[in-house]
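Welcome! Below is a friendly walk through one protein model, with the sequence and the 3D view at hand. Please keep both open while reading.

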Amino acid sequence: MKSSIRRSRRAAVAVALGSVLALTATACGDDGSGGGGGDSGAEGSGKGEIVFWDNNGGVRTDIWKEIIADFQKANPDIKVEYVGIPSTDYQSKVDTAIQGGGLPDVGGVGAAMLAGFAAQNALEPLDERLAGSSLNGKLNEDMVTSLKAAGGGDDKLYSIPTSANNGVLYYRTDLFKKAGLDEPTTWDKFYEAAQKLTNAGKNEFGYTIRGGSGSIAQALDAMYGQSGITSFWDAGGEKTTVNDPKNVAALEKYAALYKKVTPAADLNNDFTKMVAQWDSGTIGMLNHNLGSYQDHVKALGTDKFRGIPQPVGPAGKRVQVSNPVDGMGLFKSSKNKEAAWKFIEFATSREENSKFNEAAGQVPSNNDAAKDAWISKAEPTKLAAAALTDGSTTIVQLPYYLPDWNTISKADNEPNFQKVLNGDMSAKEFLDTMAGQLNEAQAEWKERNG
């Protein structure tokens, strides 16, 4: 049996050997940071330069630069070098640096990739730092618990949460009204609207489906939402439910939307292309998350669309897969951990965390920031927060704790999902393949963790 950990590390080594380490020069600050995953680093002077890698560069660049400016004003002895890396490239960049050197001091580390980095001994445990800081008791406990669980099984906290996300169904209220359609609050109404709003001859489509990078999480959301299955694993926690016949049937129906009620270009769309296409065109519906809300407001105003929780299934119950909590990690190789921690602590303080999440349209991790007035004005965020707390929604927890989860859900299966959309692979074959990989990874994780 292949080890999923070995597979992850082999992939990371291959990336390191096959790439020119262009980021190394920019990642090494004056304090001497930039070691590999096994480098134990140092506390440093608490002054000087630190390097921050943004795991959603471009999309979040402006707000991070604003937070960095605030931090440097409050801490004139510390300079933060910002490196923005697109979300689609981030994991491979970090894996390359873990193997070959050039890690930053601080980086975005969300739940989906946390276990893989922790398994390579690249991250500093943050429990003691958090307990002794001004953040102690101020962070959302569910988000902290989620990141602890995602760390791989040692019950340590390797990332300080910044925000929580949630799946959202955005729809064009003006187009729905013109067509006499009900709000797509159920999956039946969703499919009905997708058909009725499509007129390919006029380049009008009912829906845009994500076929490029990040497609698997969206497909899983649609599957579990329709099937109503509420657990990712069977009762024994050994076999995944992704290839349950109900999920197979749900994926068949969902994938069949491609090119019938969606643009053909969707096959290669990552979230940025998909969002831009929806904002500029005449497409009725878009599944994304809270993070694109401000983009839609800028493009459409607030009177032409709404962002609502995902549709409910036949039993009247909403089922969604978990969106990974995002956060900030301190890389173990940092030679200036004290200054790096100050930056993390500052960025997740009430004012800065509120500022960041208002720009991102997401749910703040700082409990005081979550009480700020802007949340009630950002309707999708307000509705998402309510859906997650009012008992109307069951969350299927994805196995972020598996070191190979990000590889399985991206590199291993995104190309196969494109084959499903094109009709070159059946939904059953696709899900059976993924299930085999997940069951193997789960068995190995259980063996390692007792």
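In which loop is Lys259 found? Lys259 sits in the loop between α11 (245-255) and α12 (271-280); helices (H or I, at least four residues) and strands (E, at least two) are DSSP runs, numbered from the N terminus. Before going further, note that this is a predicted model, in which local features need pLDDT of at least 70 and side-chain atom pairs count only at pLDDT 80 or more, while totals for chains, interfaces and linings use all residues. Residues are numbered from 1 along each chain as its sequence is written, and side-chain values use heavy atoms, with hydrogens and water left out.

Most residues other than glycine have a negative phi. Lys259, however, has a phi near 70°, a positive value. Asn203 has a positive phi too, of about 60°, although it is not a glycine. Asn203 lies in the loop between α9 and β6 (205-208). With a relative accessibility of 53%, Lys259 counts as exposed, and Asn203 counts as exposed at 54%. Here buried means under 20% relative accessible area, exposed over 50%, and partly exposed in between (1.4 Å probe, protein chains only).

**Aromatic rings**

How many aromatic pairs does a search of the whole structure find? The search finds 23. Rings of Phe, Tyr and Trp (its six-membered ring) pair if their centres lie within 6.5 Å; planes under 30 degrees apart count as stacked, over 60 as edge-to-face and the rest as tilted. Two of the pairs are set out here.

| Pair | Centre to centre | Angle between planes | Arrangement |
|---|---|---|---|
| Phe52 and Phe343 | 5.4 Å | 65° | edge-to-face |
| Trp187 and Phe190 | 5.2 Å | 75° | edge-to-face |

Phe52 belongs to strand β1 (residues 48-54) and Phe343 to helix α14 (residues 337-347), so their pair ties together parts that are 291 residues apart in sequence. Both Phe52 and Phe343 are buried. They also take part in one aromatic cluster, formed by Phe52, Trp64, Phe71, Tyr82, Phe343, Phe346 and Phe356.

Trp187 and Phe190 both lie in helix α9 (residues 187-196), three residues apart, about one turn of the helix. Trp187 counts as buried because its relative accessibility is 6%, and Phe190 counts as buried at 0%.

Another ring, that of Tyr191, has the charged end of Lys253 sitting over it, 4.4 Å from the ring centre. A charge sits over a ring if NZ of Lys or CZ of Arg is within 6 Å of the ring centre and within 35 degrees of the ring normal.

Is His296 buried or exposed? His296 counts as buried, because its relative accessibility is 0%. This residue is found in helix α13 (residues 293-300). The side chains of His296 and Asp279 are joined by a polar contact of 2.6 Å. A polar contact is a pair of N or O atoms within 3.5 Å; within protein, one must be able to donate a hydrogen and the other to accept it, and residues adjacent in sequence count only if both atoms are side-chain atoms. Leaving aside its neighbours within four places in sequence, His296 is in contact (heavy atoms within 4.5 Å) with residues including Tyr170, Trp278 and Phe305.

Gln320 lies in strand β9 (residues 318-321) and is buried, with a relative accessible area of 0%. A polar contact of 3.2 Å joins its side chain to that of Asn166. Gln320 and Gln397 are 77 residues apart in sequence, yet 8.8 Å apart in space, C-alpha to C-alpha.

Gln218 is found in helix α10 (residues 215-227), and its relative accessible area of 11% makes it buried. Leaving aside neighbours within four places in sequence, the contacts of Gln218 include Tyr207, Arg210, Tyr254 and Asn287.
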